[in-house]
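Subject: Structure for your files, with notes

Dear colleague,

Here is the structure I said I would pass on. Please look through it before reading the notes.

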Amino acid sequence: MRADTTPLKLVRAVADALETQSTVGGANIVLGVRPSIWAQVASDQVPEHAADFAAPLIGAEGFTMPATQQDLWVWVAGTGRDLVFDVATDIVATLRPVAEPATEVSGWSYRHSRDLTGFEDGTENPPLSRAADVAVVPAGRPGEGSSVVLVQQWVHQAQEWNSLDVATQEKVIGRTKADSIELDENIQPAESHVARTAIEDQNGDDLEVFRRNVPYGTVTEHGTMFVGFTSDPPRMTRMLQRMVGSEDGIRDALTRYATPLTGAYYVVPATEALGAFATPADE
């Protein structure tokens with residue numbers, strides 16, 4: 001956000017920018033607003049516990065997840081790179097009077113559903129029938145219809161990872177590589193990625209998040225954009241705490257082969273809540 005822009009002007013500009021877009025061309029747009037900014041303009045539409053990623057998260061062995069909170073996050077996905085480029089360019093141009101791009105990452109699909117470690121991604125996601133229950137704040141709660149998203153850019157230590165044999169990689173992840181079957185508890189290490197990111201409530205029920213990760217980068221430097229949606233931010237925070245080992249001193253083994261470069265939370269407002277800030281058509 002530019003120094004001479006207010007939170008209200010920023011949100012109005014964002015709402016207007018989305019009003020000019022169409023899904024007919026095949027592009028989908030997800031937009032997140034910094035929680036503290038959204039709270040200033042729509043205090044009654046903020047999900048419970050939504051907060052900025054304000055400070056680095058430090059865990060076992062000093063491993064750190066950085067805090068790189070920005071004011072807006074825009075994700076454009078589409079059927080072709082040219083379409084995504086045109087839509088993103090238009091949005092950036094429209095918002096330039098109130099905001100300047102801070103970072104830009106281009107992602108793409110890899111082997112349908114795998115990330116660049118070669119393992120299938122998103123196997124712990126809830127089924128489609130329950131995805132909205134996990135990702136979207138239900139009716140009757142503050143911020144109903146909205147979501148909170150965690151965005152992190154992870155760069156892979158590809159040479160170190162690829163030097164491991166498959167059996168070792170599987171113990172790092174906690175699943176088989178070929179068919180993504182979770183390892184038996186008696187052979188799954190406590191530091192495996194599956195073990196660290198699977199969280200439960202006091203009754204032993206799974207606390208799920210909805211992941212939409214995207215590979216990015218080039219042959220020489222690449223990684224994963226972690227994009228996780230939740231209706232309950234504390235469960236996302238706890239997942240990160242378990243990954244860095246601040247909860248029990250056990251650090252996620254995958255963090256020895258991938259390093260987080262960014263970290264930010266955003267509120268993805270309900271369509272109606274954001275649309276209320278758009279300039280009326282007759283003005």
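The model is predicted: local features need pLDDT of at least 70, side-chain atom pairs count only at pLDDT 80 or more, and totals for chains, interfaces and linings use all residues. Residues are numbered from 1 along each chain as its sequence is written, and side-chain values use heavy atoms, with hydrogens and water left out.

Salt bridges

The structure holds 13 salt bridges (a side-chain nitrogen of Lys or Arg within 4 Å of a carboxyl oxygen of Asp or Glu). Helices and strands are named from DSSP runs (H or I of at least four residues for helices, E of at least two for strands), numbered from the N terminus. Buried means under 20% relative accessible area, exposed over 50%, and partly exposed in between (1.4 Å probe, protein chains only).

One of the salt bridges joins Glu100 and Arg2, at 2.6 Å from N to O. Glu100 is in the loop between helix H3 (81-95) and helix H4 (128-135) and Arg2 in the segment before helix H1 (7-19), so this pair ties together parts 98 residues apart in sequence. Glu100 is partly exposed at 43%, and Arg2 is partly exposed at 31%.

Asp71 pairs with Arg34 in another salt bridge, with the closest N and O atoms 3.2 Å apart. This pair links distant parts of the chain, 37 residues apart: Asp71 sits in the loop between strand E3 (64-65) and strand E4 (72-77), and Arg34 in the loop between strand E1 (28-33) and helix H2 (35-41). Asp71 is buried at 15% relative accessibility, whereas Arg34 is partly exposed at 22%.

Arg196 forms a salt bridge with Asp248, the closest N and O atoms being 2.7 Å apart. Arg196 is in helix H7 and Asp248 in the loop between H8 and E9, so the two are distant parts of the chain, 52 residues apart. Arg196 is buried, with a relative accessible area of 2%, and Asp248 is partly exposed at 38%. Salt bridges with shared partners join Arg196, Arg238, Arg242, Glu247 and Asp248 into one network.

Surface patch

Glu124, Glu182, Asp184, Glu185, Glu200, Asp205 and Asp206 form a negative surface patch. A patch takes residues with over 30% relative accessible area and no salt bridge, like charges being joined within 9 Å. Among these residues, Asp184 lies in the loop between helix H6 (166-173) and helix H7 (193-197) and is exposed at 52%.

Side chain to backbone

Gln188 is also placed in the loop between H6 and H7, and is buried at 16% relative accessible area. A polar atom of the Gln188 side chain lies 3.2 Å from the backbone oxygen of Gly174. Thr255, in the loop between helix H8 (233-244) and strand E9 (258-260), is buried at 3%. A polar atom of the Thr255 side chain lies 2.6 Å from the backbone oxygen of Asp252.

Backbone angles

His49 is not a glycine but has a positive phi of about 70°. His49 lies in the loop between H2 and strand E2 (57-58) and is exposed at 58%. His112 also has a positive phi, near 70°; His112 is in the loop between H3 and H4 and is exposed at 74%.

Regards

Definitions and conventions: Patch = residues over 30% accessible without salt bridge, like charges linked within 9 Å, V, L, I, M, F, W, Y side chains within 5 Å. Areas by Shrake-Rupley, 256 points an atom, 1.4 Å probe, with all protein chains shown as cover. Lys, Arg positive; Asp, Glu negative; His and termini not counted. Charge placed at Lys NZ, Arg CZ, Asp CG, Glu CD. Polar contact = N/O pair within 3.5 Å; in protein donor to acceptor, adjacent residues only side chain to side chain.
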